[in-house]
Each structure stands twice: as C-alpha cells, then as structure tokens.
Amino acid sequence: MKEITVDALVIGGGAAGMAAAVELTQLGCDAILIEREDRTGGVLNQCIHNGFGLHVFKEELTGPEYADRYKHQICDNRIKVHPDQFVLKVDPDKREVITVGVEGVTCYKPKALVMTTGARERPFSNLRIPGTRPAGIYTAGVAQKFVNLQNYLPGKNAYVLGSGDIGLIMARRLTLEGMNVLGVAELMPHSGGLARNIAQCLNDYNIPLELSTSVVEVHGKERLESITLMKFTPDTLQPIDGTQREVVCDTLILSVGLLPQNELIEDFVQVDPVNKGVMVDSHQRTSHPWIFAAGNNVAVYDLVDFVTLEGIQAGKAAARMIQEGFTDCGQIPIVRGNNVGALTPLFCCLDEAPFKFYIRPTKNMDKGRVKIGPGVIQKVEMGLKPSEMVDIQITAEHKEKIKEMGLTQILVEIEEV
Amino acid sequence: MEKRKITCISCPLGCEIEAEIDGDEIKITGNRCPRGKEYVINEIKDPKRVVTSNVKVTDGEYPLASVKTTGAIPKDKIFLLVEKLREVELQAPVTIGQVVFHNLFDTGFDVVVTRPVEKR
C-alpha cells in the first residue's frame, strides 16, 4: 500500500473542496485534493444554466464556467489533484485516510483533513411510493447528467415530483431538448425552489405547478407507464380521498431534497440531528480537532458562492491548525429557536474572526425578525421563505457583546411580525 | 389600465413586482433595486431571456459542450435558437468563450461555449 504524508488532505473536488485546497496552498501548506470522479468541479460541471458567481466573481456565470475559474486557480497554484479516488475509510485514531483508485490502495497521512463531500439527492426508494419499480424514474441530477454531459434524453413525456430548484431547472431543460413536461407536483403548499425559477423555468413554458399534490403510486412493468397523483391537506399533509388522478408519462423526475453526505465520518464526528450535516464551529472545525468540513455536507446551501466562501474559511482554519497547532478559542453552542431549519455554524468561537450565520426559515413569512442572542442582533427581513437562506454577518463587536453578556448559548430564531 | 404581477428573475431574491400599465406609462412598485424596474419594463414591452443549452462535439472527452447566449434574447426566439443549436457540431478541442453564432438573430449577442472540451 502506497503511503503519502501531506499537510492537508481535501476530500471532494467540488466548489468547497477546490476553494479549500486553493486557500491552503496560498497560505503555504502542502495540499492534496482527492476526487471520486475523473475531474474536479463536482455538480457544477453539469449545471449548465447561469446564475452562479454573483458574490464571488461579481458576474453571472454558468456552472462549468464557475468550475473552470477554480480549475485555473488549482493549476496556477500547482495543487496536486488525485482524481478517480474512492475513499474507503477515514481512521480518526490513526489520522489516516484509505482510498482505492486505478493504481491501487493508498494511505494518506494528513495533518489536517478537510471534508467537502457535498450532498446526495434523496433517492426514489427513500420516498416509499407504492407500485411497481419500472425504468424511467430518475433523480433530477441523474437526468441532468444524461442531458448535459452524456447526450441522452431520459424519455418522451415527463412529470416532475418535487419543486426543488434542480427539478424546476430540469423541467425547462427537458422542454428545450424536446421532451413534453406535463407538470410539477409539490407536496407542500409552497414551492421548494426560488420564485425566479418558477417564473423562468415553469411559467415561461406553461408547465403547471401543482401544490399540495404528490405522487402516490407508480405504474408500469418494464417502463414507467403512468403515475397516480393525489391532493394533500396543506397543514397536516394528509391525502384527500377522491382526489386521485392518473397521469400517463414514461418518465418521472425527482427533485425531493438533498442529503448531506457524511457516511465517512458520521460515526465519530458530531452530526446535526435535524439536518444531518456535520456540526462545525465558526472556523468550520468539526468535533475532531484535525477534521474540518465545508459545503453541502455541512448544510445544503442555496448558492454555490456561499459554498466557496465556507470552503475558504475551512482552508484558512486548517492552515492555521497545521502551522500553529490547535487553538482553543472558546465555543458557545448555538441553539435553534422558532422557525429555524438548516443552520450553520452550530458553535461560535470567541476569537475576533468574523463569520456568517446561514439560516433557513421553516415556513413562508411576509415579514420576520431574525433574532440572535438574545440581544445580540435583531434584523427584520421581508419575504422569508424556506427556499431562501438568510445570511447574517457576525463581527468582532458582536462577539465582544456576547462575551460581555456572558451568554452560555446563542439562540437563533425567526419571529413572524 | 392593466395591473400585472411579475416575479423578477434578475437575482435569487425574486422580488414580486407590481406594474400598473396605462398606455405607455408603467408604474412599478415592489422592486428592491433598479434592475427590477428595468426587468419589468422589458418584460412588459419585449420579454427576453439568457438561454443556455448544449451543442454536439466530435472527438471530444464529452459528446457535448455547454453554451450560452452572451445576453438576453427575445423570448419568442428561444425555440428557434434551440433548433439552430441541434444542427451544430464542433470539433474538439473546444475552449470556453469560443463563438458558436455571431450576432444571433441580429441581437448583438453571440452564442459562446461555456465548457472546455479536450480532444479524446
């Protein structure tokens, strides 16, 4: 078995991993970036639509263009990328990472490990929808890979379950590629995707969005032949008898959420029981002092720009640990209050370094007051919705206030006003 | 007088903008920035979209290269563009920014490649 000793090992070559590796290298650390696919970029490579990069590059880019910018930085900084590596094991005691690739098994011995493994799509089997198990049922990301990378069309007549952004974007993409997209069903009474995507992906192409509706059965022997839709009560999410409707289609596209991917470390680092993301402090440190995490494996972000920024933070913190050793800067736990879903970080360090809270509201609110503290920050936000994260900057002054008030935990809540 | 509610697509905020249309006069409320105003006026007079899609590539590491219009083109030309793109076949290697169509439909915008594709 080949052994490689390195300052920092970054697992996952998507937006967070590329940013972390570049940051580490620029701060003088030796970093290796390992990737399961044959190239870096992650899901950006197949997201050919635009709208990426407004925060990081101050311009609107497509996914492949955004990835390419970082690929250049990786080249310019001469960062070692090890593609086609599948991680078998992260050993927390020996501080080793075992991978298998074309040239065999490798044991990496890093001083710091940055986990940027992203998220996976919730699969069909996870939805427990009764019926047969025919071909023609794909997650939106798989369909996206077919259409944008491999030049395959998944079928002729498609129905989309779930109104997440990828589902909406795929409804448009499949329409432009000549498929007939019959509609999008969403179990919740509100869309899971951004309002702009409802407008430009569905309304532009007259694709109906059916809220409080879900697929309750799939039919077909070899290939999907039809699905049964049913209406649900908006508050208790119970199926309403007599609302069953059969839709003939050969393709069902699923856009029903993303799950942070943490199988490699979830047995020994603290994982958020609510969102299944790795719990990190405001320096992206996990509960293991040599393991850092950033990106969709921590919390599923709306914007790749946020993922990049968190990757940079993780790179900075890992470099500091490598160069100065572990610094204890006091950690105050952060607690979810009312109307708060995804939330990161979950510990606040009391040094002077600023950081951002990313907060996902659990319901639509015309007006809401985001409260951090109590008594540290109060900020009124308009048009809060679960599909849009709120980001709140915490400065050195805020931290000073937290120390003065002697808070032992920080409550994050959104009050409807 | 006509009233319309338009979701601005300029950024992820997606403002719900109300427009009161009275002949040539358009009164706008609900936008959080000047881009919203511009978008709604365009949306009423001449709706436009940036279009992204793919074109075929021969001898490439991928069979496709992604492309975009360099600016928003009239909405009613989207399907025409998609038809035109089906006819295109680029030879690898393909580079980012490589022009596929110059001055598309006389809009002043081009269709350019957004993904580099190396030779296989």
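Residues are numbered from 1 along each chain as its sequence is written, and chains are lettered from A, with ligands numbered from 1, in the order in which they are written. Because the model is predicted, local features need pLDDT of at least 70 and side-chain atom pairs count only at pLDDT 80 or more, whereas totals for chains, interfaces and linings use all residues.

**View 1. The contact between chain A and chain B.** In this interface, 23 residues of chain A are in contact with 21 residues of chain B (two residues are in contact if their C-beta atoms, placed from the backbone, lie within 7 Å). Two or more residues each are given to the chain A side by α2 (63-76), α3 (140-150) and α5 (195-202) of chain A. Helix α5(A) supplies the largest share of that side, five residues. Helices (H or I, at least four residues) and strands (E, at least two) are DSSP runs, numbered from the N terminus. By class, the side of chain A that touches chain B has ten nonpolar, seven polar and six charged residues; Ala, Val, Leu, Ile, Met, Phe, Trp, Tyr, Cys and Pro count as nonpolar, Asp, Glu, Lys and Arg as charged, and the others, Gly among them, as polar.

**View 2. The overall form of chain B.** Chain B contains two helices and ten strands, arranged from the N terminus on as β-β-β-α-β-β-β-β-α-β-β-β. Its radius of gyration is 18 Å, whereas a compact globule of 120 residues would have one near 14 Å (taken over C-alpha atoms; the globule rule is 2.2 Å times the number of residues to the power 0.38). The C-alpha trace of chain B spans about 60 × 25 × 20 Å along its principal axes. The domain assignment, from an automatic or database source, gives chain B domain 1 (2-45) and domain 2 (52-113), and the C-alpha centres of these two domains lie 29 Å apart.

**View 3. Helix α1 (residues 34-45) of chain B.** The twelve residues of this helix reach 17 Å from the first C-alpha to the last, close to the 16 Å expected at 1.5 Å a residue (the expected span is 1.5 Å times one less than the number of residues). The buried residues of α1(B) are B:G36, B:Y39 and B:V40. They lie on the same side of α1(B), because they cover an arc of only 95 degrees around the axis, the arc being that of the directions from the helix axis to the C-beta atoms. On the other side, B:P34, B:N42 and B:K45 are exposed. A residue is buried if 20 or more other C-beta atoms lie within 10 Å of its own, exposed if 12 or fewer, and partly exposed in between, with C-beta atoms placed from the backbone. The cover over the buried residues of α1(B) includes β1 (2-7), β2 (16-22) and β3 (25-29) of chain B.

**View 4. Helix α6 (residues 304-324) of chain A.** The end C-alpha atoms of this helix are 30 Å apart, in agreement with the 30 Å that its 21 residues should span at 1.5 Å a residue. Helix α6(A) is mostly covered, with 16 of its 21 residues buried. A:G325 follows α6(A) and has a positive phi, near 80 degrees.

**View 5. Domains 2 and 3 of chain A.** Chain A is divided into domain 1 (1-119 + 260-327), domain 2 (123-256) and domain 3 (328-417). The centres of domain 2 and domain 3 of chain A, taken over C-alpha atoms, are separated by 35 Å. Their contact takes five residues from domain 2 and four residues from domain 3.
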